[in-house]
Amino acid sequence: MFQILLAIHVIIAVVLIVLVLLQQGKGADMGAAFGSGASSTVFGSRGAGSFLTRVTTGLAITFFATSLALAILAARGTDAPGSLLEREQEVEETVPPAADDEPEAPEVDDELPPPAGE
């Protein structure tokens with residue numbers, strides 16, 4: 001399920017990028033209003049902007065929905081706690097408490113060889 005949703009998400013992202021790049025900016029409307037080649041477009045003088053805007057809006061909503069669904073699926077798939085406080089409590093539980101006793105000194109071996117000068 002996660003892989004299918006991820007593939008759909010990537011496809012929507014690519015199509016959304018292409019659609020945004022195809023759209024004309026707001027500054028191009030003034031030239032189109034005076035008839036600078038707008039009549040030779042496939043969608044007419046105003047149809048392309050409206051159609052592309054609606055498709056882009058629909059794909060953007062779908063993109064956000066798939067992003068939310070992927071985030072929920074990813075969060076359910078992990079065993080990690082949800083909040084930082086829960087993570088901190090788990091770390092405190094796994095770390096053994098520090099011993100208050102001083103470490104014992106190593107035992108001295110009485111059978112050491114005499115120093116070289118003697």
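Is Val15 buried, partly exposed or exposed, and at what relative accessibility?

1. Val15 has a relative accessibility of 35%, so it counts as partly exposed. The classes are buried at under 20% relative accessible area, exposed at over 50%, and partly exposed in between, with a 1.4 Å probe and protein chains only. Val15 sits in helix α1. Its C-alpha lies 8.9 Å from that of Thr56, a residue 41 positions away in sequence.

2. A word on the basis of these notes. This is a predicted model, so please keep in mind that local features need pLDDT of at least 70 and side-chain atom pairs pLDDT 80 or more, while totals for chains, interfaces and linings use all residues. Residues are numbered from 1 along each chain as its sequence is written, and side-chain values use heavy atoms, with hydrogens and water left out.

3. Now the overall layout. The chain has four helices and zero strands, running α-α-α-α from the N terminus. Helices are DSSP runs of H or I with at least four residues, strands runs of E with at least two, numbered from the N terminus. Of the 118 residues in the chain, 10% are buried. Among contacts with a separation of 6 or more, 84% join residues 24 or more positions apart; contact here means heavy atoms within 4.5 Å.

4. Helix α1 itself has 21 residues and spans 30 Å from first to last C-alpha, close to the 30 Å expected at 1.5 Å a residue. That expected span is 1.5 Å times one less than the number of residues.

5. Which residues of α1 are buried? They are Leu5, His9, Ile12, Leu16 and Leu19. Viewed down the axis of α1, the buried residues fall within an arc of 95°, so they line one face of the helix. The arc is taken over the directions from the helix axis to the C-beta atoms. As a reminder, an α-helix has 3.6 residues a turn, so residues three or four places apart point the same way.

6. His9 deserves a look of its own. At 13% relative accessibility, His9 counts as buried. Leaving aside residues up to four places away in sequence, His9 touches Phe63, Thr66, Ser67 and Leu70.

7. Finally, the other side of α1. The face turned away from the buried side carries the exposed residues Gln3, Ile11, Ile17, Leu21 and Leu22. Leu22 has a relative accessible area of 56%, and is therefore exposed.
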